[in-house]
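Colleague: I would like a close look at the backbone of this model, at one part in particular. Please keep the answer in one piece.

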Amino acid sequence: MTSTAGSRLVGADVADLVLQWCAALFADLDEVAAQVEQQLVVETPRRGDLAIEETCHRLLTDPGRKVAGAGLVLAPDVLTDAAYWLEWWTANPDASPPVPRRLAAETDPRAVGFRDYTHLPWYAVPLATGTAHITGPYVDYLCTDQQTLTFTRPVWRQGAFAGVVGFDLLVRTFEERMFGPLERVEGSCAVVNTAGRVVTSSDLQWVTGDLIRGLPVQRWWAGEAVQHDAWEFWPCPGLPLGVITSR
């Protein structure tokens with residue numbers, strides 16, 4: 001485990017810190033997923049069988065997590081009394097204390113305000129891969145209206161994909177957590193996603209959401225041993241996040 005105190009860090013150390021933090025966050029989702037899967041065991045699940053509000057409120061009000069949104073989004077026709085269904089709560093993670101509020105989302109596909117969430121990456125990627133995913137950074141106009149990372153993982157019913165559980169983390173929370181480690185890297189350091197988009201950076205030329213150009217980021221993500229005179233790359237194993245640092 002990488003120490004967060006003391007000497008200078010290199011890119012591999014920062015990648016390890018990102019991996020440790022995200023693993024802890026996904027462990028919270030494992031707990032929510034286990035609850036949902038247990039509640040979906042009944043023969044004909046209905047909306048009233050779901051009971052994750054207390055767990056989501058606990059995540060949203062924990063000052064150590066600073067989560068901005070949490071909940072469940074079900075696959076179509078999992079429930080017998082709703083074709084589409086989601087239960088999601090939001091909170092300002094910087095409030096004291098945070099106050100969770102239920103997201104008012106239209107789930108009737110016949111309604112004008114309905115939006116088919118099954119095409120959105122935080123749902124579609126876990127559906128396609130069967131694994132957890134981090135979407136972003138992106139501006140979440142539905143929930144936070146801020147640069148956001150959305151962590152999701154699948155839930156299963158009778159061996160079939162039944163939806164996702166997830167939470168939103170504001171990028172500024174990510175930046176607060178990573179500011180110290182990035183400052184301890186000699187030279188420039190940035191955390192990027194698989195598209196080469198910046199999550200956070202110690203280099204003033206890049207801000208959150210910027211797309212890094214002129215570096216072989218896609219080839220690095222493909223696992224090619226591409227050497228660059230000025231920059232190095234470290235993936236965070238199992239995550240769609242990596243770290244680049246100047247030499």
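Where is the place of Pro 137?

Modeller: The model is a predicted one. Pro 137 has its place in strand β4, which covers residues 133–139. The peptide bond that joins Gly 136 to Pro 137 is cis, with omega at about 10 degrees.

The phi angle of Asp 145 is near 60 degrees, a positive value in a residue that is not glycine. Asp 145 has a relative accessibility of 52%, and because exposed means over 50%, Asp 145 counts as exposed.

The other cis peptide bond to mention joins Ser 96 and Pro 97, and here omega is about 0 degrees. Pro 97 lies in a loop, the one between β2 (85–90) and β3 (101–102), whereas Pro 137 sits in a strand.

Asp 77 is found in the loop between β1 (69–74) and β2. Its phi is near 70 degrees, again positive in a residue other than glycine. At 60% relative accessibility, Asp 77 is over the 50% cut-off and therefore counts as exposed.

Terms used
Residues numbered from 1 in each chain as written. Predicted model: local features only at pLDDT ≥ 70, side-chain atom pairs only at ≥ 80, totals over all residues. Heavy atoms only, no water. Helix = DSSP H or I, 4+ residues; strand = E, 2+ residues; numbered from the N terminus. Buried < 20%, exposed > 50% of the residue type's maximum accessible area, 1.4 Å probe, protein only.
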